[in-house]
Amino acid sequence: MSVSILGSRESGQNIRDTNVRAVQAVANIVKSSLGPNGLDKMLVDEIGDVVISNDGATILRSLEVQHPAAKVLVELSRLQDQEVGDGTTSVVIVAAELLKRANDLVKYKIHPTTIIAGYRLAMKESIQYIKDYLSVKTETLGKDAILNVAKTSLNSKLIGAESDHFANMIVNCVEAVGIVGPNKDVKYPIKSIKVLKCIGLSAKESVHLNGFALMTGRTAQGMPTSIKNARIACLDFNLNKFKLQMGIQVLVNDAKNLEKIRIRELEITKERIQKVLKAGANVVLVTKAIDDFALKYFVEAGAIAVRRVDKKDIRKIAKQCGAEVLITLMNNEGEEVFNESSLGSAEEVTEERLGDNDFIFIKGMKKSSSQTLILRGANEFMLDETERSVHDAICVVKRVLESKSVVVGGGAVETALSIYLDSFARTLGSKEQLAISEFAESLLVIPKTLAINAAQDACDLLAKMKMYHAASQSSSEEKKQEYKYVGLDLANGKVRNNLKAGVLEPTISKIKSLKFATEAAISILRIDDLIELAPKPEKERDGH
């Protein structure tokens with residue numbers, strides 16, 4: 001007896017082939033954007049908004065992916081972006097290659113469970129090998145290693161030509177926001193780094209400021225442009241003409257009293273402002289509006305007032321300068337008061353003009369050091385891509401500073417792992433040997449793609465790299481041990497010692513991308529049935 005299903009069902013080898021095709025299609029979209037010679041993608045949505053990028057996570061996020069297996073890869077790149085910030089393209093390419101080779105093994109009558117066990121074992125061995133033999137501690141390399149990590153991340157981006165300028169700014173930024181934790185370990189909260197975009201000039205004119213910047217100006221020209229020893233008040237309410245709340249009625253018997261009511265409404269706002277100024281505030285940040293009549297009180301007091309500050313920004317400023325964000329001046333007794341303890345402090349608050357925009361800079365805040373990067377560029381598309389590139393580099397530098405460990409880039413790690421796993425597979429006497437050999441071959445897709453994108457002979461370069469890495473793993477000579485750092489020199493179409501050349505990546509980036517790619521490939525490989533339910537038919541209306 002068979003059970004009928006309202007919908008369609010695809011199972012066995014058919015669904016595996018379909019999944020592999022869908023995953024390969026997604027990987028092929030981002031494949032040509034890998035590496036320093038990678039190309040950009042232009043994505044146009046249904047309303048005509050344009051995104052130009054070579055960041056894997058951004059490209060895949062902008063796509064309307066329908067296939068469920070392909071969605072796993074999109075989620076995978078998002079996870080890599082969230083966890084590490086870089087390596088989003090390579091993680092997708094490796095996952096697609098692992099799945100393709102696993103599917104070939106299934107066709108040779110090897111059970112998916114055996115392949116999954118082999119892949120898990122290969123992943124575990126790879127991670128251990130990276131930690132034991134391929135990672136290098138940054139203490140032995142000095143500060144240049146941190147700069148080189150930032151440059152390596154930036155070289156594959158739009159601003160690769162200006163990587164020296166941006167790498168210095170980014171490393172200085174991240175180091176400045178370091179906070180020593182209770183266990184003497186230093187954390188780098190990158191939320192303390194604000195990135196602003198300002199159209200005009202070239203990317204090289206981008207600046208790094210030691211302080212917090214708001215892309216807004218003073219509310220009145222009569223206010224000072226600079227205040228030393230600033231006392232900052234953060235208010236999350238209107239400084240408009242006072243209005244009674246909804247639902248409250250005022251019955252007026254005499255028309256003469258109307259004018260008194262209007263005057264009292266203005267006086268209430270005036271009293272609130274004076275309470276804040278009397279407490280010693282000389283910089284007032286408000287998330288909502290400030291009426292024009294109220295500005296004269298700030299001008300007379302020689303204070304700076306800024307209206308419509310973003311709520312996220314005002315919370316950050318309050319946290320870093322020691323202020324309190326107030327949603328009302330009302331105390332428990334029902335009186336309106338403003339205490340001096342609610343004020344924060346900063347060394348200086350200034351207004352400066354960059355391009356066509358005014359900026360408020362808050363420098364030297366009491367609680368923590370805040371940093372700002374102001375990016376310049378010819379147009380909006382360029383600025384958006386520069387912001388994404390800078391974000392990736394900031395994340396990478398944070399990871400290296402916290403973990404103090406790097407690996408060599410340019411396909412060196414993948415080739416070394418491939419050679420090691422190939423030898424490791426031969427020590428096993430079970431069917432997992434085949435899965436581990438395929439895992440080893442899959443890793444070579446990264447150096448292969450890097451070479452192809454740089455218009456170089458991939459087979460020739462890969463053969464040379466394999467030779468060097470095999471020599472480093474089979475010999476105990478000190479000179480040959482250095483061969484484990486041999487990677488691609490794509491500019492000259494050669495292989496070289498990438499540790500000396502300064503092509504470095506965070507160890508955690510390689511480890512996470514291996515973990516995520518393997519888990520994604522396994523989760524798709526486990527699928528052997530796709531049941532798609534048909535939508536329920538709508539009841540026909542009888543026309544009444």
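1. Y119 is buried, at a relative accessible area of 1%. The model is a predicted one. F439 is likewise counted as buried, at 0% relative accessibility. The rings of Y119 and F439 make an edge-to-face aromatic pair, with 5.5 Å from centre to centre and 75 degrees between the planes. Y119 belongs to helix α5 (residues 112–134) and F439 to helix α13 (residues 432–443), so this pair ties together parts that lie 320 residues apart in sequence.

2. Y129 counts as buried, with 11% relative accessibility.

3. Y129 and Y420 also belong to a cluster joined by ring pairs, together with Y133 and F424. The structure has 6 aromatic pairs.

4. The largest nonpolar core has 71 residues, and those touching the most other members are V92, I115, Y119, I130, L417, L421 and F439. Both Y119 and F439 of the edge-to-face pair are thus named here. Helix α4 (residues 88–107) gives the largest share of this core, 11 residues. As a general matter, nonpolar side chains tend to be buried together in soluble globular proteins.

5. What does I130 touch, neighbours within four places in sequence aside? I130 is in contact with S135, V407, V413, L417, T507, K510, I511 and L514. L417 is also listed with I130 among the core residues that touch the most other members.

6. Three strands make up an open sheet with mixed pairing, in the order β7-β16-β8. At its edges are β7 (193–199) and β8 (207–209), each of which pairs on one side only. From one strand to the next the twist averages 20 degrees. Strand β16 (residues 371–377) runs antiparallel to β8, and 3 bridges join the two. L209 has T372 in β16 as its bridge partner. Helix α7 (residues 163–176) packs on the sheet and touches β7, β8 and β16; the direction of α7 makes about 160 degrees with that of β16.

7. Helix α9 (residues 292–301) has four named buried residues: A294, L295, Y297 and F298. Why do these residues line one face? Viewed down the axis of α9, the buried residues fall within an arc of 155 degrees, so they line one face of the helix. The exposed residues D292 and E300 are carried on the face of α9 turned away from its buried side.

8. The cover over the buried residues of α9 includes α8 (256–278), β11 (283–286) and β12 (304–306). Just after α9, G302 adopts a positive phi of about 70 degrees.

Technical notes: Residues numbered from 1 in each chain as written. Predicted model: local features only at pLDDT ≥ 70, side-chain atom pairs only at ≥ 80, totals over all residues. Heavy atoms only, no water. Buried < 20%, exposed > 50% of the residue type's maximum accessible area, 1.4 Å probe, protein only. Arc of directions from axis to C-beta. Contact = heavy atoms within 4.5 Å. Phe/Tyr/Trp six-rings, centres within 6.5 Å; stacked < 30°, edge-to-face > 60°. Core = buried A, V, L, I, M, F, W, Y, C linked by side-chain atoms within 4.5 Å. Pairing = 2+ DSSP bridges. Axes fitted to C-alpha atoms, helices over the stretch in contact; angles between N-to-C directions.
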